[in-house]
Amino acid sequence: PLGRTASVSWRVLYQTPVIVSVDPVTIEAGIDGVALTLDGDYYGPGSAVLIDGVPVATTYVDRNTLVATIPLGLNMVIGPRLVSVRNPGPPGGGISN
């Protein structure tokens, strides 16, 4: 009927993020503030980049792009690092591939 309104509540749930690529793939040890671009899917404003499980400053660009800033403390030791993305949850969210 005209003149009537109804309210509906709903929640937005994050999906599990997916990393497709990381750029650059190598960085020089001992440099502070290196920018790391992650391309993938299911990113959101609450997404956080993790380096070896440690959250780092993360800038949300869009659903497919995040930029992480690697602090000196996580860039002192030579060797491979585990890069992942965590989305808020539960429900939904989770840690990337």
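How many nonpolar, polar and charged residues are in the lining of the largest pocket? I looked this up and counted by class 13 nonpolar, three polar and two charged residues, with Gly placed among the polar ones.

I note that the model is predicted, that local features need pLDDT of at least 70 and side-chain atom pairs pLDDT 80 or more, while totals for chains, interfaces and linings use all residues. Residues are numbered from 1 along each chain as its sequence is written, and side-chain values use heavy atoms, without hydrogens and water.

Pocket. I read a space of about 390 Å³ for the largest pocket, and of its 18 lining residues V25, T26, I27, G79 and R81 are the closest to its centre. A pocket here is an open set of points on a 1 Å grid where a 1.4 Å probe fits, with protein on both sides within 12 Å along at least five of seven lines, and lining residues have an atom within 4 Å of a point.

I then followed an open sheet of four strands in the order 1-2-6-5, paired antiparallel, where pairing asks for at least two DSSP bridges and a strand is a DSSP run (E) of at least two residues. Its edge strands are strand 1 (18-23) and strand 5 (57-62). Strand 5 is joined to strand 6 (residues 65-70) by five bridges, and T58 stands opposite A68.

N87. I found N87 in strand 7 (residues 83-87), buried at a relative accessible area of 3% (buried is under 20%, with a 1.4 Å probe and protein chains only). The side chain of N87 reaches the backbone oxygen of Y42 at 2.8 Å.

Notes:
Grid points are joined across faces, edges and corners, and a volume is the space filled by probe spheres set on the points. Buried means under 20% relative accessible area, exposed over 50%, partly exposed in between (1.4 Å probe, protein chains only). A polar contact is a pair of N or O atoms within 3.5 Å; within protein, one must be able to donate a hydrogen and the other to accept it, and residues adjacent in sequence count only if both atoms are side-chain atoms.
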